[in-house]
Amino acid sequence: RKPKALFAALAAVGMLLGGVVSHAQAQSYRAEYRLSTVLGTAFPWGQAGERWAELVKEKTQGRINIKLYPGTSLVGGDQTREFTAIRQGVIDLAVGSTINWSPQVKELNLFSLPFLLPDYRAIDALTHGEVGQDLFKVLEKNQVVPLAWGENGFRELSNSKRPVRTPADLKGMKLRVVGSPLYNETFSALGANPTQMSWADAQPALASGAVDGQENPLSVFVAAKLPTVGQKHLTLWHYVADPLIFVVNKDVWASWSAADREAVRQAALQAGRENVDKARKGLTAADSSLVKQIEASGVTVTVPTAAEREQFVAATRPVYAKWSKTIGEPLVKKAEAAIAAG
Ligand code: X2X
């Protein structure tokens, strides 16, 4: 009789605990979740974060409340540490650039291979295709939950010195580059003098003339008012593009109900689609109004001819070959094939 009584008592305690645990789970949503972006709400990138938060609030009836932390402020502005901070739970959600996470996720360097992507169709062929799925699997292996793609954009070159048409024009030019070693190697191969720094440090460096130039999408060039810090020469060469990825920390994801997870995913997909449209606005063949606006503000806009562009491609070929090995040849081949197929 004794063991039986003990068993009954244990069962009662178990039921009680079970009730407490499921009650605790229902209550385990935090009052606020922290969303990291590099750029703020003056830029399509920050607006994407803001929109995601807004849609999540709406779709979860306020159960999930997200606060935006632009300027990668949760990691002191050091954007190359963002991915690690997401994994560690210092950051709950992020809309992040493939460039900034590529020091930790080497496959994300794919989009930074010089002159891999000729046009928007090529970006879409990767992000909407098998390559995009492969990259999401890599992120999942890294304990991060990827939900949707967005876009920072094609990165064009600006400087305060002279129009740049060929690698010869870049000789010795001091350029700020982002924190992936691939960028240092690309610009060294082109004969320039690259120096790595965060976006936070880049703006004062451009203003003081510590560096002559930089590379970023035109939406960033305009919203950051780079012509006012002497960036008077722009080269439209479409040499790389950086997609954005909407992600959630794995434990945070697991703490939400299935219905709320689906709401967060749908919100990310919608915010991502809107973000891609915004990032491309005024930069397409049908509507190049942003380029015209930049020209009208007194900036010289240089579009290299096919032959001039080929010089940039040829000079960076060894970097492409070396980094293809780092990224993984099968993935690069798959990407090349997807782009060729359109
Ligand atoms: O630092 C940059 O250049 C930026 C804002 O484009 C990125 O975070 C990749």
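Modeller: Hi! One term to start: a residue is buried if 20 or more other C-beta atoms lie within 10 Å of its own, exposed if 12 or fewer, and partly exposed in between, with C-beta atoms placed from the backbone.

Biologist: Thanks! What kind of model is this?

Modeller: This is a predicted model, where local features need pLDDT of at least 70, side-chain atom pairs count only at pLDDT 80 or more, and totals for chains, interfaces and linings use all residues. Residues are numbered from 1 along each chain as its sequence is written.

Biologist: OK, is threonine 72 buried or exposed?

Modeller: Threonine 72 is buried, because 25 C-beta neighbours lie inside 10 Å. Threonine 72 also has a positive phi of about 40°, although it is not a glycine.

Biologist: And glutamine 61, buried or exposed?

Modeller: Glutamine 61 is exposed, with 9 other C-beta atoms within 10 Å. Its phi is positive too, about 50°, and glutamine 61 is not a glycine.

Biologist: New topic: which residues are around the ligand?

Modeller: Among them are Val38, Gln79, Asn100, Trp199 and Asp242; a residue counts as near if its C-beta atom, placed from the backbone, lies within 6 Å of the molecule.

Biologist: How many of that shell are nonpolar, polar and charged?

Modeller: Around the ligand there are six nonpolar, five polar and one charged residues. Here Ala, Val, Leu, Ile, Met, Phe, Trp, Tyr, Cys and Pro count as nonpolar, Asp, Glu, Lys and Arg as charged, and the others, Gly among them, as polar.
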